Amino acid sequence: MNILKVDRLRFSYGEVEVLKGIDLSIERNMVLGIIGANGSGKTTFLKNISGYLTPVSGTVSVLGKNIRDYSIKERARYIGYVPQDGVYDFEFTCYDIVMMGRMPYIKRFQSETKQDRDIVKECMKATNTWHFKERSIRHLSGGERQRVYIARALAQRPKILLMDEPVSHLDIRYQIEILSLVRDLASEGLLVIVVLHDINLASEFCDEILIMKEGQMVACGSPAKVLTRDNIMSAFSVDARIIESPVSKKPYVIPYLSIR
Ligand SMILES: Nc1ncnc2c1ncn2[C@@H]1O[C@H](COP(=O)(O)OP(=O)(O)OP(=O)(O)O)[C@@H](O)[C@H]1O
């Protein structure tokens with residue numbers, strides 16, 4: 001059975017069509033990277049998969065059932081979402097933020113159990129945020145906050161984890177640490193869909209890459225298959241040379257810079 005199936009998905013903000021008929025079937029757990037130019041529709045696509053936005057036409061199915069037929073609580077048990085960094089007005093501690101990830105499992109008028117507390121601790125340790133547990137989310141750097149939000153999504157114990165540019169605020173060590181964690185999660189049985197701006201990080205860490213352009217899919221497949229000069233030109237209007245990374249043997253994209 002497909003873990004995720006997207007069928008002729010179309011979405012518009014008002015009159016402006018942003019997703020123009022996307023098809024995607026995923027049958028195994030993996031890390032799927034989404035790359036594409038600014039405004040190509042990557043975030044909008046993730047929000048349609050999560051059920052936050054409703055398509056104009058077409059469907060998104062998770063484990064054989066239309067996402068719209070799940071209750072909000074059920075959806076949160078299947079899909080975790082790590083948003084782009086935003087503005088935080090509330091004085092929640094990091095521990096409370098991660099505990100929010102357990103809400104889909106806590107019954108009304110009940111408080112969290114030892115199991116919930118154990119899962120929160122485990123997820124905070126995995127993302128190296130446990131030492132922030134008493135700190136306010138507002139008093140963290142963008143990268144530290146991002147790791148707390150990843151911990152919250154993991155605490156949902158989802159089947160699909162959607163991540164929107166999760167490493168854009170992180171220094172290189174944490175980029176590698178978080179993407180390595182993401183790889184481990186995928187091999188332990190999670191489908192991770194991650195929007196990345198860094199094509200070479202996508203090449204390094206993703207099993208497959210989906211390239212978007214103007215609300216459509218340019219290509220989808222292994223990094224070796226889709227990271228071609230033609231596809232990079234088509235999606236980003238940039239010429240590039242593709243070499244093999246001497247370390248990982250994955251494609252390494254070097255954009256041509258016009259040097260004056
Ligand atoms: N809430 C909104 N209302 C109207 N238009 C929107 C809204 N959100 C996004 N858009 C528009 O939809 C298009 C796709 O936006 P989206 O954020 O999905 O692109 P993206 O590929 O994630 O971009 P980026 O790489 O810059 O994050 C853009 O033209 C954007 O201006």
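## Asp96 and its place in helix H3

Asp96 sits in helix H3, which spans residues 94-100. Helices here are DSSP runs of H or I with at least four residues, strands are DSSP runs of E with at least two, and both are numbered from the N terminus. With 15 C-beta neighbours inside 10 Å, Asp96 counts as partly exposed. Here's how that works: a residue is buried if 20 or more other C-beta atoms lie within 10 Å of its own, exposed if 12 or fewer, and partly exposed in between, with C-beta atoms placed from the backbone.

What you're looking at is a predicted model, where local features need pLDDT of at least 70, side-chain atom pairs count only at pLDDT 80 or more, and totals for chains, interfaces and linings use all residues. Residue numbers start from 1 along each chain, as its sequence is written.

The pLDDT score is the predictor's confidence in each residue, from 0 to 100. The protein averages 91, and 97% of the residues score at least 70. Among its elements, helix H6 (residues 172-187) has the lowest mean pLDDT, 87, while E9 has the highest, 98. For the complex, the predictor gives an ipTM of 0.98 and a pTM of 0.92.

## Helix H9 and its two sides

Take helix H9, residues 229-236: Asn231, Ile232, Ala235 and Phe236 are buried there. These four cover an arc of only 100 degrees around the axis, so they end up on the same side of H9. (The arc is that of the directions from the helix axis to the C-beta atoms.) An α-helix has 3.6 residues a turn, so residues three or four places apart point the same way. Turned away from the buried side of H9 is a face with the exposed residues Asp230 and Met233.

What covers the buried residues of H9? The cover includes strands E3 (31-36), E9 (208-213), E10 (216-221), E11 (240-244) and E12 (251-255), plus helix H8 (223-226). Contact here means that the C-beta atoms of two residues, placed from the backbone, lie within 7 Å. Just after H9 comes Ser237, with a positive phi of about 55 degrees.

## A four-stranded sheet

Four strands form an open sheet in the order E2-E1-E4-E5, with antiparallel pairing. E2 (16-26) and E5 (65-66) are the edge strands, each pairing on one side only. Two strands pair if DSSP finds at least two bridges between them. E4 (residues 57-62) and E5 pair over two bridges, and Lys65 in E5 is the bridge partner of Val62.

Arg8, in strand E1 (residues 4-13), isn't a glycine but has a positive phi of about 45 degrees. Arg8 counts as exposed because it has 12 C-beta neighbours inside 10 Å.

Glu165 isn't a glycine either, and its positive phi is about 50 degrees. Glu165 lies in the loop between strand E7 (160-164) and H6.
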